[in-house]
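Subject: Structure handover

Hi,

Here is the structure I promised you. Please open it first, then read my notes below.

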Amino acid sequence: GTRTIVLISPGLDLFAVSYALFRIGAIPVMIDPGMGTRRMVKALESVQAEAFVGIPRSQLLRFLFAGAFKSIRTWISTGACWSGRAYSLRRMPYAGVRPEAVPVNRNAAAALFFTSGSTGAPKGVIYTSGMLEAQIGYLKNSFRYNPDEVDLCTFPLIGLLLICMGISIVLADMDMTHPSNLNPRRILKNISDYQCTHMFCSPMVLKRLADYGKEQKDCLGSMKRIMTAGAPVLPSVLKEFVALLSEDAEIHTPYGATEALPLTDISHIELMDLDGDSENFMKGTCVGYPLEGIEMKIMPVSEHPVASMNKVTFLKENEVGEIVIRGPNVSEAYWMNEKANGLAKIYDVDTRNTWHRTGDLGRIDPEGRLWFYGRKSHRVISGGKVYFTIPVEAVFNRHPAVSRSALVGVRKQDRDDKIPVICIELVENKKRKIYLYEELRSMASENEMTGDIDKFLFHRKFPVDPRHNAKIFREKLADWATVKMKL
């Protein structure tokens with residue numbers, strides 16, 4: 001039950017410490033330092049942890065933010081203890097005996113994983129032992145993992161789950177906290193040297209490898225399964241990456257969140273078939289079918305708490321609204337955050353289960369597939385019309401000079417609603433040509449959904465979330481656009 005902050009770089013120490021904490025029944029508290037030190041400290045302060053295990057540099061927090069960590073009684077460093085006021089893992093003698101694992105209560109808190117904070121203040125998600133068991137079960141049964149696999153680990157929390165199934169993992173030669181900075185040559189060498197058969201990665205990793213492989217003509221022959229999550233994957237990236245794989249390999253693009261992962265599944269084969277329909281790009285991103293045991297519904301968009309599922313009238317097929325889900329791997333509460341619980345959780349009186357409001361928008365088609373339309377907080381309402389990020393951006397992502405686009409809303413002083421603005425990040429080495437604006441405006445006018453959008457801004461490099469380096473940080477981009485347009 002000891003809440004223990006874990007601030008260790010991805011690697012052997014992180015895995016060893018995490019498993020040790022699980023074994024003795026302590027509660028690891030995991031957070032992404034990429035969100036910024038002050039935001040991280042504020043989030044961790046709410047946990048009132050009693051122990052701290054981290055790299056030597058992280059021990060500075062006890063002095064720089066003493067008030068935030070006053071509840072901590074035990075400090076442990078993975079290396080040197082230059083302050084002399086902490087224990088060191090390096091100096092701890094090997095016990096020689098393995099303590100019995102503490103019996104677990106499936107409904108008791110087993111870990112706290114903080115959200116990335118890319119769409120607001122980071123929230124501590126309470127993981128129960130039952131949730132972790134369900135996640136491992138989905139990987140084993142729905143995605144057919146087995147102990148013969150060799151996984152290239154680019155995301156440590158997934159690595160923790162895979163080791164539980166006896167799968168060997170290879171720690172990717174990269175900074176896992178900044179996937180966009182990876183060296184593709186090193187990753188391909190990891191795969192070749194250890195004949196890796198599987199990889200879970202951010203779409204940014206997929207894109208970097210696809211770009212490099214296209215130029216170098218490298219082939220990932222040993223890879224049998226790739227899972228990518230964290231942000232929508234552009235069809236063009238999928239096509240380029242598939243060319244590097246053997247014919248029997250599969251790419252899966254499951255949908256999920258820190259509060260519930262995974263929820264759906266679909267393979268690249270079906271996605272590429274769907275992409276063949278020229279109209280599908282306007283209908284969101286297909287993220288597949290709900291996994292067995294996952295219930296998924298679409299409710300009307302609301303910014304207010306919903307007290308009971310009995311008060312919700314759900315939408316019909318192909319109607320766009322907020323995605324709500326429940327299942328064995330879905331968290332039921334945030335840590336010490338009643339406001340977030342009120343906005344994101346709905347209690348079902350009939351079944352005594354809790355549903356989670358994802359904050360994402362989407363629709364369910366007649367085949368039962370979920371189509372993702374973007375975050376609820378990112379939609380732009382202007383002149384009584386609602387613009388959804390994913391389908392709107394898909395219109396402009398088709399331009400060969402556009403690496404990616406982002407819809408943001410800019411509020412004008414004399415208007416109550418917002419002006420829809422399209423921010424453009426160009427393909428690397430592509431120069432902004434004088435006629436590009438006109439081409440984008442022409443593309444907008446050809447589509448009923450985007451016909452009245454006429455504001456375009458060019459941004460050198462979009463701000464992205466710290467965890468996957470793939471989700472566009474639209475809040476920051478909207479602030480930039482407001483200044484740029486001088487409204």
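Start with helix H5, residues 156–163. Six of its eight residues are buried, so H5 is largely enclosed by the rest of the structure. Buried means under 20% relative accessible area, exposed means over 50%, and partly exposed is in between (1.4 Å probe, protein chains only). Helices (H or I, at least four residues) and strands (E, at least two) are DSSP runs, numbered from the N terminus. The buried residues of H5 are Pro 156, Ile 158, Gly 159, Leu 160, Leu 161 and Leu 162.

What covers them? The cover includes helices H1 (12–24) and H4 (129–141). It also includes strands S2 (27–30), S8 (150–153), S9 (168–171) and S10 (198–201).

Two notes on the source. This is a predicted model: local features need pLDDT of at least 70, side-chain atom pairs count only at pLDDT 80 or more, and totals for chains, interfaces and linings use all residues. Residues are numbered from 1 along each chain as its sequence is written, and side-chain values use heavy atoms, with hydrogens and water left out.

Now the whole protein. It has 13 helices and 24 strands. A compact globule of 487 residues would have a radius of gyration near 23 Å, and the protein agrees, because its own value is 23 Å. That radius is taken over C-alpha atoms, and the globule rule is 2.2 Å times the number of residues to the power 0.38. Along the principal axes, the C-alpha atoms fill a box of roughly 70 × 55 × 45 Å. Buried residues make up 53% of the 487.

Next, contacts (heavy atoms within 4.5 Å). Take the contacts with a separation of 6 or more: 64% of them involve residues 24 or more positions apart.

Then charge. There are 62 positive and 54 negative side chains, and the centres of the two sets lie 8 Å apart. Lys and Arg count as positive, Asp and Glu as negative; His and the chain ends are not counted. The place of a charge is NZ of Lys, CZ of Arg, CG of Asp or CD of Glu.

Is Arg 225 buried or exposed? Arg 225 is buried, because its relative accessible area is 8%. It is found in strand S11 (residues 225–228). Its side chain reaches the backbone oxygen of Phe 143 at 3.0 Å.

Arg 144 counts as partly exposed, at 48% relative accessibility.

Gln 195 also has a positive phi, near 50°. Its place is the loop between helix H6 (184–194) and S10. Gln 195 is partly exposed, with a relative accessible area of 47%.

Look for a cis peptide bond as well. It joins Leu 261 and Pro 262, with omega about -10°. Pro 262 is found in the loop between strand S12 (250–252) and strand S13 (264–265).

Last, Arg 85. It lies in the loop between strand S4 (74–77) and strand S5 (87–88). At 53% relative accessibility, Arg 85 counts as exposed. Not counting residues up to four places away in sequence, Arg 85 touches Arg 62, Phe 63 and Trp 75.

Best wishes

Notes:
A polar contact is a pair of N or O atoms within 3.5 Å; within protein, one must be able to donate a hydrogen and the other to accept it, and residues adjacent in sequence count only if both atoms are side-chain atoms.
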